[in-house]
Amino acid sequence: MGKPNAIGWFDLYVDDIERATHFYEAVLQVRLEPIGDPTGETTMRSFSGDMGAYGAAGALVKSPHARPGLGGTMVYFSVNDCAVEQARVAAAGGQVLRPKFSIGQFGWVTMCMDTEGNAFGLNSMQ
């Protein structure tokens with residue numbers, strides 16, 4: 001096995017775990033599952049992932065140690081056509097910050113804000 005990708009896991013911090021879970025489930029059409037935290041300090045909902053597959057797995061996290069907000073880390077979700085998920089953002093309670101645009105040979109991106117104030121991206125090759 002070669003050198004791993006730079007990102008192996010992500011935490012997307014939220015204020016309201018239920019609201020954020022509903023938002024991402026509605027936009028991405030996925031099911032987020034509760035996962036335990038060995039410290040007992042956080043509440044987490046995991047995006048489905050295979051730690052042996054390409055890309056990174058991660059979770060929504062409500063923590064007393066971190067807050068959501070703009071200007072920090074940007075997570076890009078891989079999708080088939082970001083226009084499809086972009087169309088679901090407002091109805092799920094979020095905001096499209098920058099509609100689908102080309103990033104050349106790397107495909108297309110939509111930049112959005114979730115119900116917690118986090119910026120996130122959608123990336124597709126079509």
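This is a predicted model: local features need pLDDT of at least 70, side-chain atom pairs count only at pLDDT 80 or more; totals for chains, interfaces and linings use all residues.
## Starting inside a sheet

Residues are numbered from 1 along each chain as its sequence is written, and side-chain values use heavy atoms, with hydrogens and water left out.

## The sheet around β4

Strands of a sheet pair through backbone hydrogen bonds, either parallel or antiparallel. Here, four strands make an open sheet with mixed pairing, in the order β1-β4-β3-β2. The strands at the edges are β1 and β2 (33–35), each with a single partner strand, so one side of each has no neighbour in the sheet. On average, and with direction ignored, neighbouring strands of this sheet are turned by 35° against each other. To count as a pair, two strands need at least two bridges between them found by DSSP.

Strand β3 (residues 43–46) pairs with β4 in the antiparallel sense over four bridges, and arginine 45 stands opposite leucine 60 in β4. Strand β1 (residues 9–13), on the other hand, pairs with β4 in the parallel sense, over five bridges. Tryptophan 9 has alanine 57 as its bridge partner in β4, and aspartate 11 stands opposite alanine 59 in β4.

## What is tucked away?

How many of the six residues of strand β4 (residues 57–62) are buried? Five of them are, so β4 is largely enclosed by the rest of the structure. Buried here means under 20% relative accessible area, exposed means over 50%, and partly exposed is in between (1.4 Å probe, protein chains only).

## A second sheet

There is also an open sheet of four strands in the order β5-β8-β7-β6, again with mixed pairing. Its edges are β5 (75–78) and β6 (95–102), each with a single partner strand, so one side of each is left without a neighbour in the sheet. Neighbouring strands of this sheet are turned by 20° against each other on average, direction ignored. Strand β7 (residues 108–113) and strand β8 (residues 119–124) pair in the antiparallel sense over six bridges. Across that pairing, cysteine 112 stands opposite phenylalanine 120 in β8.

Helix α1 packs on this sheet and touches β5, β7 and β8, with its direction at about 20° to that of β8. Helix α2 packs on the sheet too, touching β6, β7 and β8, and its direction makes about 165° with that of β6. Contact, by the way, means heavy atoms within 4.5 Å. As for the angles, axes are lines fitted to C-alpha atoms, for helices over the stretch in contact, and angles run from 0 to 180 degrees between N-to-C directions. Back at the other sheet, α1 lies across β1, β3 and β4, running at about 145° to β4.

## Two helices meet

The axes of helix α1 (residues 17–28) and helix α2 (residues 82–89) come within 8 Å and cross at roughly 140°. That is why α1 and α2 are oblique to each other: angles under 35 degrees count as roughly parallel, over 145 as roughly antiparallel, 65 to 115 as roughly perpendicular and the rest as oblique.

So who touches whom? On the α1 side, Phe23, Ala26, Val27 and Leu28 meet Glu85, Arg88 and Val89 in α2. These contact residues divide into five nonpolar, no polar and two charged (Ala, Val, Leu, Ile, Met, Phe, Trp, Tyr, Cys and Pro count as nonpolar, Asp, Glu, Lys and Arg as charged, and the others, Gly among them, as polar).

## Two residues to look up

Is glutamate 85 buried or exposed? At 10% relative accessibility, glutamate 85 counts as buried. Leaving aside neighbours within four places in sequence, glutamate 85 is in contact with Val27, Leu28, Val79 and Leu122. Glutamate 85 and leucine 28 are 57 residues apart along the chain, yet their C-alpha atoms are separated by 6.1 Å.

Glutamine 29 sits in the loop between α1 and β2. Glutamine 29 is exposed, with a relative accessible area of 54%. Its phi is near 55°, a positive value in a residue other than glycine.
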